[in-house]
Amino acid sequence: MSGKALVLGGGGVAGIAWATGVVAALEDAGVRLLDADRVVGTSAGSAVAAQITSGLPMADLLARQTDPARQTPELPGGVDMAELWARLQAAYESSPDPAEQRRKVGELALSAATVSEAERRAVIEARLPVHAWPERDLVITAVDARTGEPRLFTRGSGVGLVDAVAASCAVPGVWPCVRIGGVPYMDGGVRSSTNADLAAGFDPVLVIAPMPDLGVPSWAALDGAVEVIGPDEAAQAAFGADPLAPESRTPSAEAGYAQGAAVAGKVAAFWK
């Protein structure tokens, strides 16, 4: 396996907006990230991956984040984020076994009181400008909430793009699990916020990560050249205390665009 890979990580609606801004600025600077031979999307990154491979111009995709008149409807999480992170941290600390940790998070996800799956799916449908899989190597991650096993969705998996993205974005404790073939799936970020190891064999690999990986970063397993872009101070301030808040989109996208423009020269040299 060879070629370039683009990895897009999780980070809520703020992360979607920020990553879109970064990609748009890089494209405007002549850095063609869509030349990637593989695109890996996790949680927020799955939405970004589906959007940027949809065929719509990047300027339009950016406007869908920056312009309130063009932003699609989002549901407020309605969850105390500090309390949720504490519960998730307890689940991860409950066992040294990663699979058991994911099962504990799955228990939390399956027991949470949330909006209906249909209500949440409507949000994902609106987010995605095109509902068909692109004709390319796109990998979207999710986790089986009952077993803790990862699931990779691709064009050949027989699962619709909207369902795959909805599953990948099913934040445990906030949004309902997504049932596909009777199996409840939760956020791919439960395994890793980036799942960059799925780009093994590709070189170079660009990771755009709104949130850092916990523990050993997943890109540490990669043998080739890796460049990671995480939010700078301005972007972190734009995210605010709740990255799921719909109002975080405009400032986060603008901060992402500014950051993308600032690093364009470095990324261009890496991506060539």
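Ala-44, Gly-45, Ser-46, Ala-47, Val-48, Ala-49, Ala-50, Gln-51 and Ile-52 are the buried residues of helix α2, where buried means under 20% relative accessible area with a 1.4 Å probe, protein chains only. With 9 of its 9 residues (44-52) buried, α2 is largely enclosed by the rest of the structure. The model is a predicted one, in which local features need pLDDT of at least 70 and side-chain atom pairs count only at pLDDT 80 or more, while totals for chains, interfaces and linings use all residues. Residues are numbered from 1 along each chain as its sequence is written, and side-chain values use heavy atoms, with hydrogens and water left out.

Turning to the whole chain, 9 helices and 8 strands are present, taken as DSSP runs (H or I, at least four residues, for helices; E, at least two, for strands) and numbered from the N terminus. The C-alpha trace spans about 45 × 45 × 35 Å along its principal axes. Of the 272 residues, 56% are buried. Contacts (heavy atoms within 4.5 Å) between residues at least 6 apart in sequence join residues at least 24 apart in 73% of cases.

Technical notes:
Buried < 20%, exposed > 50% of the residue type's maximum accessible area, 1.4 Å probe, protein only.
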